[in-house]
Amino acid sequence: MTGKTHLIGGIIACQAADIFLFQNEGQIGYYAAGLIGALIPDICHTHSKIGRRLPVLSKIVSTLFGHRTFTHSLLFLLLINLLFLYFFPEQEGLRLGFLIGMISHYILDALTVRGIRLLYPATFRFRLARFRTGGVIESILLGVLVLTICFLYIGFQ
Ligand SMILES: [Zn+2]
């Protein structure tokens, strides 16, 4: 999926979790972390939104792991969780927002033809559908996601 879809997906995932799991306690930092978490898995792609902003790191990750492998896996999710717990133990909101954003990224990429290597280093590719990145279906999905954000905002404020 494109960066735009991942950003919208990250917002809606954080919004839904905030409403249904956290009783609307999400602060601005929670949502900001969710947006970054929604983009960070694509650090493995040098032309992605996050890859263009961190070109050296993106090139290193891309060279070491390739696209949609380690950074789209449960292993990476666990590693990020442990890093947050170790370095920012008091920042529960940031950690949860970041992880929720990452999970939304995984789900959206699992809808594409390429899928993700969720169980990396195993080579199995996890897919929920076979949509083409940047295709018509993604545009429709993006519209549905935006409408869902509006619905959640109006319906649960
Ligand atoms: Zn991705």
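## Report on a zinc site and its helical surroundings

With angles of 93 to 164 degrees among its 4 donor atoms, the site of the zinc ion is irregular. Donors here are N, O and S atoms within 2.8 Å of the metal (3.2 Å for Na, K and Ca), and water is not among the atoms, so sites may look incomplete. Four donors count as tetrahedral if all angles lie between 85 and 135 degrees; four count as square planar and six as octahedral if opposite donors are over 155 degrees apart and all others between 65 and 115; anything else is irregular.

This is a predicted model, in which local features need pLDDT of at least 70 and side-chain atom pairs count only at pLDDT 80 or more, while totals for chains, interfaces and linings use all residues. Residues are numbered from 1 along each chain as its sequence is written, and side-chain values use heavy atoms, with hydrogens and water left out.

The zinc ion is coordinated at 1.9 to 2.1 Å by Asp 42 (OD), His 72 (NE2), His 105 (NE2) and Asp 109 (OD). The spacing of these donor residues in sequence is D-x29-H-x32-H-x3-D. Asp 42, in the loop between α2 (28–39) and α3 (49–53), and Asp 109, in helix α6 (residues 92–110), are 67 residues apart and link distant parts of the chain. Helices (H or I, at least four residues) and strands (E, at least two) are DSSP runs, numbered from the N terminus. Both Asp 42 and Asp 109 are buried, where buried means under 20% relative accessible area, exposed over 50% and partly exposed in between (1.4 Å probe, protein chains only).

Helix α6 also holds Ser 104. Leaving aside neighbours within four places in sequence, Ser 104 is in contact (heavy atoms within 4.5 Å) with Gly 9, Gly 10, Ala 13 and Ala 38.

| Residue | Relative accessibility | Class | Location |
|---|---|---|---|
| Gln 23 | 56% | exposed | loop between α1 and α2 |
| Arg 68 | 4% | buried | loop between α4 (55–65) and α5 (74–87) |

In the loop between α6 and α7 lies Pro 121; the peptide bond from Tyr 120 to Pro 121 is cis, with omega near 15 degrees.
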